[in-house]
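User: I'm new to this one. Can you walk me through it?
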Amino acid sequence: MNFSAFPCLCRIEGLIQGLRVDCVGRAKPGSFVGSRRCEVRGDHVAAFIMKVLSLGGSTSSESINRRFARYAASLISEADVTDLDLRTLEVPLYSVDLEERDGAPADAQRFLDMIRSHDAIVISLAEHNGSYTAAFKNLYDWVSRIEQKLWSGKPMLLLASSPGGRGGATVLEAAKATFPRMGADLRASFSLPSFYDNFDAETGIRDAALAQGLRDAVDALTAA
Ligand SMILES: Cc1cc2nc3c(=O)[nH]c(=O)nc-3n(C[C@H](O)[C@H](O)[C@H](O)COP(=O)(O)O)c2cc1C
């Protein structure tokens, strides 16, 4: 049977490589059903728990965007979420001269490896003067020198938030226009305005319409 051409019925498998696997019904290999990634295993399709990379486009220790991305990722049922703190990636300020002399820094490669080793990305961008934070843009520039399509075809939920009423709408639009060209499989985007008014650490988004908007965006990320 040509598994790549036909949706297949997965069957209950138990444990494969330490991951719990169960039946999700009909699915194309390589696609997602809920938070499950479907793969061909011998004569059938198995479903693996989705590995999600969650990050904020900020190096603030109190980053609201890192918190927001983590919250959005927590809404994916049964996902295995890696919460990336950009402060753990140290890259010098990009310059052509530095690149010619030393090549890309190890942590730029590490970031790319993390993208590649996850099934989906939830990223929330902080906005500084209508654009990316300098720290995120610098890392992004370095990684793009290793691999221009750095998002590696991964399904992405693109978010932004700020304390102000526009919720990082400008940086969100910039990323929506360029991330797909840089290899993102952009499934949905969502902006949360007035973060401190609208977000509660215990209960999540206070406003019902905004909460539903985020839920729809999360669902779009995991839709088959
Ligand atoms: C240099 C600087 C520029 C900023 N520019 C904007 C802006 O253009 N739009 C906006 O909504 N907020 C702006 N802010 C406020 C940020 O949205 C706020 O600091 C937010 O907490 C940043 O996200 P983070 O907590 O994830 O780092 C700016 C903050 C700084 C320090």
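Predicted model: local features only at pLDDT ≥ 70, side-chain atom pairs only at ≥ 80, totals over all residues.

User: What share of the residues is buried?
Analyst: Buried residues make up 38% of the 224 in the protein chain.

User: And what part of the contacts links residues 24 or more positions apart?
Analyst: Counting contacts with a separation of 6 or more, 67% join residues 24 or more positions apart.

User: Pick I123. What is it in contact with, leaving aside neighbours within four places in sequence?
Analyst: I123 is in contact with L55, G57, A69, M156, L158 and L159.

User: What about S124?
Analyst: S124 lies in strand 10, residues 120-125.

User: Buried or exposed?
Analyst: S124 counts as buried, because it has 31 C-beta neighbours inside 10 Å. The cut-off for buried is 20 or more.

User: Which residues does S124 contact, beyond four places in sequence?
Analyst: They are G56, G57, N65, F68, A69, L159, A160 and S161. There is also a distance to R66, which sits 58 residues away along the chain. The C-alpha atoms of S124 and R66 are separated by 6.6 Å.

User: Switching to helix packing. At what angle do helix 3 and helix 4 pack?
Analyst: About 80°, with their axes 9 Å apart. Helix 3 covers residues 106-116 and helix 4 covers residues 134-146. That angle makes helix 3 roughly perpendicular to helix 4.

User: Which residues make the contact?
Analyst: Helix 3 brings A108, Q109, F111 and L112. Helix 4 brings L139, W142, V143 and I146. By class, the contact has 7 nonpolar residues, 1 polar and no charged.

User: Now the ligand. Which residues come nearest?
Analyst: S58, S63, N65, A126 and S162 come nearest, out of 16 residues around the ligand.

User: How does that shell divide by class?
Analyst: The shell has 3 nonpolar, 11 polar and 2 charged residues.

User: What about E173?
Analyst: E173 is found in helix 5, residues 169-178. It is partly exposed, because 14 other C-beta atoms lie within 10 Å. The C-alpha atoms of E173 and S191 are 10.0 Å apart, and the two residues are 18 apart along the chain.

User: Last topic: backbone angles. Which phi value does E78 have?
Analyst: Phi of E78 is near 60°, a positive value in a residue other than glycine. E78 is found in the loop between helix 1 and strand 9. With 11 other C-beta atoms within 10 Å, E78 is exposed.

User: And N129?
Analyst: N129 has a positive phi of about 50°, although it is not a glycine. N129 lies in the loop between strand 10 and helix 4.

User: Buried or exposed?
Analyst: N129 counts as exposed, because it has 9 C-beta neighbours inside 10 Å.

Notes: Residues numbered from 1 in each chain as written. Contact = placed C-beta atoms within 7 Å. Axes fitted to C-alpha atoms, helices over the stretch in contact; angles between N-to-C directions. Helix = DSSP H or I, 4+ residues; strand = E, 2+ residues; numbered from the N terminus. Parallel < 35°, antiparallel > 145°, perpendicular 65-115°, else oblique. Nonpolar A, V, L, I, M, F, W, Y, C, P; charged D, E, K, R; others polar. Near = placed C-beta within 6 Å. Buried ≥ 20, exposed ≤ 12 C-beta atoms within 10 Å, placed from the backbone.
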